[in-house]
Amino acid sequence: MLRKLKSWLGVDKQSKYVREYFYMTNMKASIYMSIVVIVLEIWMILRMTRTIFEKNLQSQIWTLTEKYYSNYVLLLSSGILMLLYAIRALTKKHKHKWIAFLVMIMCAAVAVFEVWMLSKYNGSGKKLADLVNYIILLSAAILMMIFSVLLMRGSEDRKWQSLSVMYVFSFVCINFGIIISVNGYAKGEQMLTFLTMELFVICLLVWRPIWGFIVLTVSYLIFYYRISGMIDLSTVGKFTGVVDFSTVETGLGDGIKINGFTMWLSTLLFCIANYNKTLSQAQKDENLEEMNTYLSRISVEDELTGIHNMVYFRSEAEKLLNYVTTDKERVIFLFFDIENFKSYNDKYGFYAGNELLIKFAHEINNSFKGSLVARYSDDHFVVLTQSEGSMDIIEMLSESIHHLQGEVQLSLKCGAYKPLGNESDVSHACDRARFACNNIKKHFGRSFCLYDKTLEERFTLKQYIVNNIDNAIENDCIKVYYQPVVSTKDGTICGFEALARWKEPNYGLLPPAMFIDVLEEYRQIHKLDMCIIENVCRDYRNAVDNNEPFVPVSLNFSRLDFELCDIVGYLGKMADKYKVPKSYLDVEITESALTEQQNFLQNATKKLHESGYSIWLDDFGSGYSSLNVLKDYNFDVMKIDMKFLSGFDDNAKTKTILKNVVDLTKQLGMNSLTEGVETAEQFKFLESIGCDKVQGYYFSKPQPYEEIKKLITSGKLKMPSNA
């Protein structure tokens, strides 16, 4: 309530922008107001001078000067000075400051005259109001002289000077209105001059409501006090004939009081409305200015860390590389990655993670002073700097990360790239530095890698994969290789795993390790998986149409498949197109994929189950959250990672772990499948502990379906009787 009251009275605290807005608005209004006053006063002075000579009133010149001339001259002077200060405030120029000398001369003349009038004042025949008026005019004249001197000296433009002149100018205007209207009222004239000056001051300028109320109330009270008891009886009944003078009141009549109150109230309401309108516009402009500033800032600044973003980095780096004075032999691009940062977020939360990023961002920014530093994304940063001395800074930053890490083991990886020749493609340079950095991820003890020819070949292949995946799919370069899944009960094939191979004319047959991770990194993996789905469905239809045996096929789905497309809907579409029973299509989802975006993937797996597909948990045991995954999801088959068999002959714990894992699957109502089987001993052991299915090179490596059929025909692989 108090805040609302303060806002309504205009005494609440205003921002710097709003105060500046009010100041500039009043300076603009002062120009219009001062020009009108100057024109009016010049006209009044000329008119009175002409009247004096036409009516031979030279003998009354001192009386006229006392009542009118000194007021006209002072108001004219203050109007000119206000105009000069307002122009300076708006244009920041002092071209016409010499005019202030004329103002000073006129004010000096008024001051001398008022001093002379004060010296003659002895109380006889004079009212106290006259004495007050002399002092007011003298004080105003002296103030105007001071501000004229300041303007002539060309002093620095300061708001308090312009505002002070505006306040004095307003005071002179209102005082002028009171004096002229009081003198006119004594002769039976209207108080239009007073009302005009009130409107000028209160309605043209913007006042806080509380000050507008005070100025209006005080000026009206002074005016009514001055005219109280005044009336020129010679004017009464001028148009009505005989008047009974005993009935004429010498005080203020009800009509004058009502009219005056109405004018006071109307002017006050306009003052409040003008203030609120200006305040509202100022706040709107301030919000727009803040938004523009914010947009301008975030266009070049990272919102979280406060250092530059990649938009600014690319722009400035390109300019720097194209400067003639830049020694490209000495510049280097650095790409930083805080390894294991996700674990830090998991343990301490995103707020703590953001705090760490902010601290490191400022650390790297301060360490590479004079260089271009930006946040690339997430926990990645890029720097364009001089190669000389950069290794020392990298080592120092690595130490800094260790101090910030807490209980989570963090390490700083840095990839570097040195531009060659006239190369100026910043994005390409950053990609290569990033590629070098990724090359040493998960390599303990290595924190720096310089992009070289070996990496160049791998990088070229990576770019080729990204740029040609669409062509490869269109030109049927993506092939499905099938690896048999064998039942431990009878040794027959109970399924296939569909694996992608890229038969590339320029590079030959590309294994999955060369393109799967690349396609996931560039978020194009869904294109490959959709291609595999259709090829598997087509192979099923061809086999059935040719009366060839076929068994269920498991398809590997990436986590990104569920984000980038409606993979479940597409699977159903292809199954319907090629008339593939849902029981012949199984979906494999890796354990690591299920640890992220849990709610999202839970809904996706539920939808797959409801659609009639069997869901397999792939690579069980390769991650850190295996038991949580089993708790949160429903699977039909658990694929035990081949790493469990890597120490089969040397590590006694392997068999115990495998037996318990297989028992766990039975207790959870799942089938078990162990991959990576390479020997007869491994197969016999898995058979003995009740593992349902096995897969590995002991039976067959992944091959095209035509080669699989040859193995079946030769008897090396057995199909079930119901296939």
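The chain has 25 helices and 14 strands, where helices (H or I, at least four residues) and strands (E, at least two) are DSSP runs numbered from the N terminus. This is a predicted model, in which local features need pLDDT of at least 70 and side-chain atom pairs count only at pLDDT 80 or more, while totals for chains, interfaces and linings use all residues. Residues are numbered from 1 along each chain as its sequence is written, and side-chain values use heavy atoms, with hydrogens and water left out.

**The chain as a whole**
- Of the 723 residues in the chain, 46% are buried, meaning under 20% relative accessible area, with over 50% called exposed and the range in between partly exposed (1.4 Å probe, protein chains only).
- Among contacts (heavy atoms within 4.5 Å) with a separation of 6 or more, 71% are between residues 24 or more positions apart.

**Strand β11 and its partners**
- Strand β11, covering residues 614-620, is mostly covered, since six of its seven residues are buried.
- Strand β10 (residues 585-590) pairs with β11 in the parallel sense over five bridges, pairing being assigned if DSSP finds at least two bridges between two strands, and T590 stands opposite D618 in β11.
- Strand β12 (residues 637-640) also pairs with β11 in the parallel sense, over three bridges, and here L617 stands opposite M638 in β12.

**Residue T665**
- T665 lies in helix α23, which spans residues 653-667, and counts as buried because its relative accessibility is 0%.
- Leaving aside residues up to four places away in sequence, T665 touches M638, M670 and S672.
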